[in-house]
Amino acid sequence: MSHILTILTFLPLVGATVVAFIPRTATAKIRWVALVTSLVTLAWGIGLFLGFDLHHPGLQFVENYPWIESPPVAYHLGVDGLSVLLLLLTVFLAPLAILASWRSIGERVKEFHLLMLALETGMNGVFVAQDLFLFFVFWEAMLIPMYFLIGIWGHERRIYAAVKFILYTMLGSALMLVAILYLYNATGTLELPAILAQLSGPAPPISPKGARWLFLAFFLAFAIKVPLFPLHTWLPDAHVEAPVAGSVILAGVLLKMGTYGILRFCLPLFPEASRQFAPVISVLAVIGILYGSLVSMVQPDLKKLVAYSSVAHLGFVVLGIFAFNPMGLEGAIYQMCNHGVSTGALFILVGMLYDRRHTRLISEFGGLSSVLPVLGAFFLFVTLSSLGLPMLNGFVGEFLIILGAFHRRALYGALAATGVVLAAVYLLWMYQRVFLGEVRSEKNRALADCSGREKLILTAMAAVILGMGVYPQPFLRRLDQSVAEVLARVQPGEEAALVFGSPKGWNDASRVATSSATTFHAPWLLPLPGPERERGPLDLTRDSRRELRDAAPAELKGIAGVACTPGEAPRAGMNRR
Amino acid sequence: MLRDYLPILVQLIAVSTVGAAILAVSAWVGKRRPSREKLSPYECGSVPVGNARERFSISFYLVGMLFILFDVEAVFLYPWAVVYKSLKWFGFLEMFLYILVLLAGYLYIWKKGALDWTR
Amino acid sequence: MTPVQALDFIRVLPEIVLASCAILVMVAEPFVSARHTAALAWVSLIGIVAAGAGNAWMRRFSGPAFGGSIAADPFASYFVYLLLLAAALTLLGSVRYLETNQVHHGEFYALLLLGTTGACLMVAATELIMIFIGLEISSISTYILAGFRRADKRSNEACLKYFLLGSFATAFLLYGIAFIYGLTGTTNLVQLSEKLSAPGARPPLLWIALILAFVGLGFKVSTVPFHIWTPDVYQGAPAPVTAFLSVAPKAAAFAVILRVFLGGLASAGALVFWLLWISALLTMCLGNLAALWQTNIKRLLAYSAIAHAGYVLVGMAAAKAAGPEAGEGIASVLFYLAAYALMNVAAFILVAHLAGAGERYQEADDCTGLAYQRPGVAACLTLLLVSLSGFPATAGFFAKFYVFRAAIHAHLIGLTLVAVLNSVVAVYYYLRVVVAMYMREGNPRASASPLPWPLGAALALSLVGIFYLGLFPTPFVRLANLAASPLP
């Protein structure tokens, strides 16, 4: 077994150990060690992303060693497409967060970087753990650095926010712990694939009623983290009070752990219960979208506005997940990454404004684009990405989610689409008030524009935003297998839509897609010409399908003239498990 | 089963009867010549009037407590002496150790000055 | 009755070593000048280590001793190690404490050793009278220790309160023992178990005996509602003594509860189960809720100690509910107590250091900003608190996990839910100290002097233990299972 994932996970912790031995006065050295560690981790993560085998069903880079004898806990790591994407997001945001704090964190530099690196290990661990115990260890261990980040380097109400954050999350995870123990008691194992195999077997060891309770226990833990309306009240406090790096990581990665958990545990383990609760959850998600958008609109505080916009965006993600169709799911996962990058960038930008003016009140600003042209341009770019302008990343995810929601229930889609409009309203209005018009306050006249470091951060983020918007295929392709596996559990038959095309309502949707794609010169969304026309826009490119066809087992070839498609592969994979 | 307890019951009745009888008879036939001395509470021979919170040397307590300690320990020697012969050397050794522990305690209080009256 | 043999003495070797060492220290004390009392501490430490070695050596000679009143079995051996560990850590933590507080009395160490001896006798005893004697030896020593800071009113109060209530509780225990003897004609746990499990042999008043004995032992482990003495005594007693008090007599009393209620009186099933269940529930909830309002660290840790007793009782209820498969529950209790011993002793001896001379600074706010004056000390206390609140990678987490697993296995889902929710509540008050140390501005009033090396060694040992138990619990789980196996 290779140790790729172990290295990815614990590399930051090694960096943290190094930082621990640097004298606290050598702040520059500490910063550089932290930055270099996170960059090396990023490089490693990119390597993982590129080395990920598209055609391999199930987990990859698996490491599995026995760890604790009784209860039988294994050090079981592994990634699928979903994990790979979120890992990449995590290792991408970590160096940016460190870089963004280069100037703004002046005190207790050593502790800060130590905790940041420890946090990165925790986050990576959550995404690679395939053993429930191990997952829980990372899930909870990660809380402590975050708690300190908010509590020590936060703003005025930091202590309240930090305690609220940790208590909310603990409440959810406490119930999840009971659920994990119950699952262990029923199945005799703590390893996720083994539990999955038992639960999807002919004689599942858990009754439907038990499954409902377990679903709720898991879901509550994740819904708090997401956060789903009405469990979101910790989020504005934590995001607003946290330092820039804390906000970036919170919004960028921690919230995704909730949706990741739903996709990784709730849906595959308890498909029946997921279907039963889907309507309620979808309604809550839609409420979250509208509520988050409306509340954002009236926020006088920039950071709070961005924080509430997260509630709305994550509402989209949950809605997409519980649409139980390929568009919804892939869109939701893609949107998780988009939100991480865009909102992370927004928090960094707000932090830059804060560094200059030491206020976050919108009313204090105005006309900044004449003083800070570069910052203003980046701000606009990120704002547009966040509100889902085509060509930029946000569009792909939101569009797919709304498509999926329409497919599930037109009303959800319609309401969610309203959310997009509202997002445009609050984001653009905010931009207008901050950057456009006359410079009203004298204090704003003499602000310095972006430094080289800031430009570097923003360019990196803008490049990713653009890249993910123009060319989502490398990301989406890695998701196909995971999405198909989840769908095969939760909505059998739907995973076929991933491949064979033409789900109900697809034609209308694809027409929309086509027109918008042509309008914005987005060829990746155009349906492919010829016989493939029936296939969805999410599908693999022709080349990759050809590769797949060549790689497919002989008996699958030529079935009804359809080439071997990834839809089969996961099912075959599951049988193999 | 309950019959086993009958003698106890009989004794209870007998004791209470005798006690009650003595009290009753003495109350009936006895002469009363009360005096101030007789009516005052009995206080171990010391004068019962005056301030009850009079201070006296703490050493009284210390010596009193030490006396009780060593006195109670000595009580164990009696049953031991009775069965000494059947216990043989083992019994001797055990009691030796026991006395040794007492001796250690004695040495400790001596050295600590608990036995010095004027300190 | 079999005559006493040399083997009998080998089977109580740790107790003999400890008692001899205690007497030696006591007699030597008047001969040692006040400046050199620390030397007695090292003699005592050697005694503890020797007792540990004796405990290891006598594993080859396990079996009953003194006519079945003592058992040298893995269960006893496990607890003896645990108690010796608690004593050793306390000792290391109290050397400098006594110097800072101008307490130059070497008797401290003798009493500590005697308290440990009593506790060791308790865990090894398989005979109710023997248990009682052990309990008294350990109690009387700790009563005195609680009042060791004679010039301090709170210490006096703690001593008297502990003494009065403690005697009251032991009277209950004795009354219960008398009842058991009256009902069954024996005080030997093995015979008791045989007599009670015989068909048709359920003495009618056994429940009274059970409840009386439970009250007596419940006092020692401070289960609600017999906990009222705990906060006052823990707060008033010298902090290293509190460290010892909160672990050694408690662990020993838990061992006795296991032996008596799951061993000797095991056939009185339902009542024992409900006793454990109800006291687990009350103890957890009350301990945690009351701790929420505490600002004094010692008091806070006192309530937390009560709450931890509640979690242990969850494990016991699980063991009781599991019937013939009680081993897992018992093992979880044993593991929990080991983790608890490491965390709690370390936390209290560290607080003893922070409180400074005369223990003036016990409030959480006194630690304000400590993290920037003494980052190492603050990090250390934080890790201990994190472990106490049960975050993963620490012993506290795995111990809870293990106990809850046993509880779920025994289908005590309601109780487990209450327990996990309680541990969330607990996070709030443990973090109060962390908040003060790291997140508030200001200078600490608490002693910011560097850690004396014996204390540092004790803390390092505890932290290594905490992470070892948290990350690699397997050897310890095996040990606990081994110790739990002969019991039912």
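**Close-ups of a predicted model: helices and chain contacts**

**View 1. Helix α3 of chain A, end to end.** With 20 residues, α3(A) reaches 29 Å from its first C-alpha to its last, close to the 28 Å expected at 1.5 Å a residue. Keep in mind that everything shown here comes from a predicted model. Is α3(A) mostly covered or mostly open? Mostly covered: 20 of its 20 residues are buried.

**View 2. Where α3 of chain A packs on α20 of chain A.** Two packed helices are described by the angle between their axes and the distance between the axes. Here, α3(A), residues 81-100, and α20(A), residues 473-490, pack at an angle of about 140°, and their axes are 7 Å apart. To find the spot, look on the α3(A) side for Gly81(A), Leu82(A), Val84(A) and Leu85(A). The partners on α20(A) are Phe475(A), Arg478(A), Leu479(A), Gln481(A) and Ser482(A). Sort the residues of this contact by class and you get 5 nonpolar, 3 polar and 1 charged.

**View 3. α7 meets α10 in chain A.** The axes of α7(A), residues 158-187, and α10(A), residues 234-241, come within 9 Å and cross at roughly 135°. The two helices are therefore oblique to each other. As for handedness, α7(A) passes α10(A) in a left-handed crossing. Which residues make the contact? From α7(A) come Arg158(A), Tyr160(A), Ala161(A), Lys164(A), Phe165(A) and Tyr168(A), while α10(A) brings Trp234(A), Asp237(A), Ala238(A) and Glu241(A).

**View 4. The side of chain A that touches chain C.** Now for a contact between chains: 27 residues of chain A are in contact with 23 residues of chain C. The elements giving two or more residues to chain A's side are α5 (132-141), α6 (143-153) and α7 of chain A. Which of them gives the largest share? That is α7(A), with 15 residues. By class, chain A's side of the contact with chain C has 21 nonpolar, 3 polar and 3 charged residues.

**View 5. Chain C against chain B.** In this view, 6 residues of chain C are in contact with 7 residues of chain B. How does the side of chain C that touches chain B divide by class? It has 6 nonpolar residues, and no polar or charged ones.

Note on methods: Residues are numbered from 1 along each chain as its sequence is written. Chains are lettered from A and ligands numbered from 1 in the order in which they are written. This is a predicted model: local features need pLDDT of at least 70, side-chain atom pairs count only at pLDDT 80 or more; totals for chains, interfaces and linings use all residues. Axes are lines fitted to C-alpha atoms, for helices over the stretch in contact, and angles run from 0 to 180 degrees between N-to-C directions. Helices (H or I, at least four residues) and strands (E, at least two) are DSSP runs, numbered from the N terminus. Angles under 35 degrees count as roughly parallel, over 145 as roughly antiparallel, 65 to 115 as roughly perpendicular and the rest as oblique. A crossing is left-handed if the near helix is turned anticlockwise from the far one by less than a right angle, and right-handed if clockwise. Two residues are in contact if their C-beta atoms, placed from the backbone, lie within 7 Å. Ala, Val, Leu, Ile, Met, Phe, Trp, Tyr, Cys and Pro count as nonpolar, Asp, Glu, Lys and Arg as charged, and the others, Gly among them, as polar. The expected span of a helix is 1.5 Å times one less than its number of residues. A residue is buried if 20 or more other C-beta atoms lie within 10 Å of its own, exposed if 12 or fewer, and partly exposed in between; C-beta atoms are placed from the backbone.
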